[in-house]
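Here is a short report on a helix pair and a pocket. Please look at the structure first.

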Amino acid sequence: MNNNKQIKKEELKNLKIIEKNKKKNLIDYNWIIKIIAIAFIISLLMSLASETLLPNIPIIFGIILLLFFIFLGIFFDMIGVAVTASNLSVFNSMAARKVKGSKLAVQLKKNTDKVASFLNDVIGDICGVISGACCISIASALSETLNTNFLIISLLSTAIVSALTIGGKAIAKNYAINQSEIILYRFCLFLTTFYKEK
């Protein structure tokens, strides 16, 4: 009986701790509104640019642009995963030794949810939308040039783009999980050329 009472007391303590942590991790509605606004503006501008430029450029440049956006989506997805998977204590230790780029890494790591949301969702999804628009534009130009059925070219182009994006992200995620600290550190070191650490 005493053991059961003790177990119940421990369970109640644990539940109280969980409830306290829940209160600390309240949803940041300001951030959600900001990220929606940022995503809308970036997507609008980039879609406008791609819709305006793509029909007027040669197919080869369209393919280069398409590959660039696929690579960009994969790259930022990898950084987002590296931020999530990396260990904060590694960067705290580096920051204590005043290693360049480490303070920025600590800042990114402390805001993992926001950073990952921006890199993986906002940038990644926008790159996906634009690469889709590029793909359709290239398929249309190819079907006219080769005098081939648009549907066949469109299906093949979409399949190739999807395979490249999914395959690339799978490789990048695996690499990011295994080399998260190195990737995040190098990314922050690169950012310090534009951003002064506080």
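In this predicted model, α3 and α7 are roughly parallel to each other, because their axes cross at roughly 30° and angles under 35 degrees count as roughly parallel. The axes come within 8 Å. α3 passes α7 in a right-handed crossing.

The contact of these two helices divides into 14 nonpolar, three polar and three charged residues. On the α3 side, the contact includes Leu66, Leu67, Ile70, Gly73 and Asp77. On the α7 side, Val161, Leu164, Gly168, Lys169 and Lys173 are among the partners.

Which helices line the largest pocket? α3, α6 and α7 each supply at least two residues of its lining. α7 gives the most, with six residues. The pocket has a volume of about 220 Å³. Its lining includes Ile63 and Leu66, as well as Cys135, Ile138, Ile153 and Ser157.

Leu66 and Leu67 of α3 take part in the contact with α7, and both also line the largest pocket. Val161 and Leu164 of α7 likewise belong to the contact and to the pocket lining.

How do the residues of each group divide by class?

Notes. Residues numbered from 1 in each chain as written. Predicted model: local features only at pLDDT ≥ 70, side-chain atom pairs only at ≥ 80, totals over all residues. Heavy atoms only, no water. 1 Å grid on protein atoms, 1.4 Å probe; cavity = no way out; pocket = protein on both sides within 12 Å on 5 of 7 lines; lining within 4 Å. Points joined across faces, edges and corners; volume = space filled by probe spheres on them. Helix = DSSP H or I, 4+ residues; strand = E, 2+ residues; numbered from the N terminus. Axes fitted to C-alpha atoms, helices over the stretch in contact; angles between N-to-C directions. Parallel < 35°, antiparallel > 145°, perpendicular 65-115°, else oblique. Left-handed = near helix turned anticlockwise from the far one by under 90°. Contact = heavy atoms within 4.5 Å. Nonpolar A, V, L, I, M, F, W, Y, C, P; charged D, E, K, R; others polar.
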